[in-house]
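I opened this notebook to record what I looked up in one structure. The entries follow the order in which I consulted it.

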Amino acid sequence: MVGNGTELRAIPRFSRILHNRVFAYTDGMRFIVVDTADARGSVAVLNNVELIRFEAHSTDEDYSSWLLPIVNRLLASSSLSLPELDGYAVCAGPGSFTGLRVGLTTVKAWAEIYGKPIAAVSRLEALAVSDSQPNQGLVASYIDARREQVFAALYAVVGDGPEPIGEESVTSLPDFVAEVKEEAKGKRVRWVTPDPKMLKSFPEWPSLAASGHILEEAAPPFAQCLGLLAYRKFRQGDTTDALSLDANYVRRSDAEVFWKGHKSAVKA
């Protein structure tokens, strides 16, 4: 059962990576993953790679009032509590300034109080590891960032998971396509995104598809694939603490842009 009645989705193929020699199971790892990067957020409770409960953010309610009641409900229905969990995972970006701040501040508080490790995970990387095709080649993931821009990253996917080619960025879709084409040098690329219409409507997409590029829609909620990525980080010891945890905003907030670019409009 799921808190909002949502049907559980099949575990993505990344679970197969977690069963290999690098991520062989030992003790059970119970943790929660919080995703407040944008309106398509969610919360999930996992035991290793097994999804126990999850709930999607399906209302217009602010995360500041939505998040904690949902966490309490999911934990209660899982017969768990925050101090009983082995760690906390959070989507660190990229995404909206306000949404990410709520999620990270909440997880920071838990880690500070209960002394548990934090796995900070990227939505773009989670998309790259959750596609359903053979585990090799190049994967380009992007998310609509508004203002005619996208959050985007390119990965080389090998046996143990994705390796980033460059850094996550906020850019225009035409510029990202040009960057991917340059890096791919004629090789096939798998595009994974929750916003496929942007690429489908791109004038150059038909020629890319004809050359073997494949477009996959990654439907929200994303807490499950973020959880799978977080589990790998926990097993590798790739974690942080409350003091060091920070968001990957990629770009400045609207408030910061306004303040720095239009100082004369703000009066003391």
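The entries below go from the chain as a whole to its pocket, its cavity and some backbone details.

**Entry 1: the chain as a whole**

I note at the outset that the model is predicted. I looked up the secondary structure and found 9 helices and 10 strands in the chain. I then turned to burial: of the 268 residues, 49% count as buried. For the accessible surface of the chain, I recorded about 12,900 Å². Carbon and sulfur atoms account for 51% of that surface. I also looked at contacts between residues at least 6 apart in sequence, and 68% of these join residues at least 24 apart.

**Entry 2: the largest pocket**

I asked what volume the largest pocket has. The computed value is about 480 Å³. I next looked up its lining, which consists of 24 residues. Those nearest the centre of the pocket are Ala 37, Asp 38, Ala 39, Ser 96 and Arg 146.

Which elements each supply at least two residues of this lining? I found three entries to write down: α2, spanning 63-77, α3, spanning 97-114, and β6, spanning 137-146. The element that gives the most is β6, with 4 residues. Sorting the lining of the largest pocket by class, I recorded 10 charged, 8 nonpolar and 6 polar residues.

**Entry 3: the largest cavity**

I searched the whole structure for cavities of 30 Å³ or more, and the search returned 1. The volume of the largest cavity is about 30 Å³. Its lining is made up of Ala 152, Ala 153, Leu 154, Ile 165, Glu 167, Ser 169, Phe 176 and Glu 179. Two or more of the lining residues come from each of β7, β8 (161-171) and α5. By class, I recorded 5 nonpolar residues, 2 charged residues and 1 polar residue in the lining of the largest cavity.

**Entry 4: cis peptide bonds**

I looked up where cis peptide bonds occur and noted two places. One joins Gly 93 and Pro 94, with omega at about -5 degrees. Pro 94 sits in the loop between β4 (87-93) and α3, and α3 is an element that I had already noted for the lining of the largest pocket.

The other cis bond runs from Pro 220 to Pro 221, and its omega is near 5 degrees. I located Pro 221 in the loop between β10 (214-217) and α8 (223-236).

**Entry 5: positive phi outside glycine**

Glu 148 has phi near 60 degrees. I placed Glu 148 in the loop between β6 and β7 (149-158). Is Glu 148 buried or exposed? Glu 148 counts as exposed because its relative accessibility is 74%, and the cut-off for exposed is over 50%.

Lys 185 is likewise not a glycine, and its phi is positive at about 50 degrees. I found Lys 185 in the loop between α5 (173-184) and β9 (189-193). With a relative accessibility of 64%, Lys 185 therefore counts as exposed.

**Entry 6: cross-references**

I close by linking entries. The strand β6 gives the most residues to the lining of the largest pocket, and the loop that holds Glu 148 lies between β6 and β7. The elements β7 and α5 both contribute to the lining of the largest cavity, and the loop that holds Lys 185 lies between α5 and β9.

Key: Residues are numbered from 1 along each chain as its sequence is written. This is a predicted model: local features need pLDDT of at least 70, side-chain atom pairs count only at pLDDT 80 or more; totals for chains, interfaces and linings use all residues. Side-chain values use heavy atoms; hydrogens and water are left out. On a 1 Å grid over the protein atoms alone, a cavity is a set of points where a 1.4 Å probe fits but cannot get out, and a pocket is an open set with protein on both sides within 12 Å along at least five of seven lines; lining residues have an atom within 4 Å of a point. Grid points are joined across faces, edges and corners, and a volume is the space filled by probe spheres set on the points. Ala, Val, Leu, Ile, Met, Phe, Trp, Tyr, Cys and Pro count as nonpolar, Asp, Glu, Lys and Arg as charged, and the others, Gly among them, as polar. Buried means under 20% relative accessible area, exposed over 50%, partly exposed in between (1.4 Å probe, protein chains only). Contact means heavy atoms within 4.5 Å. Accessible areas come from the Shrake-Rupley method with a 1.4 Å probe; for residues, only the protein chains shown count as cover.
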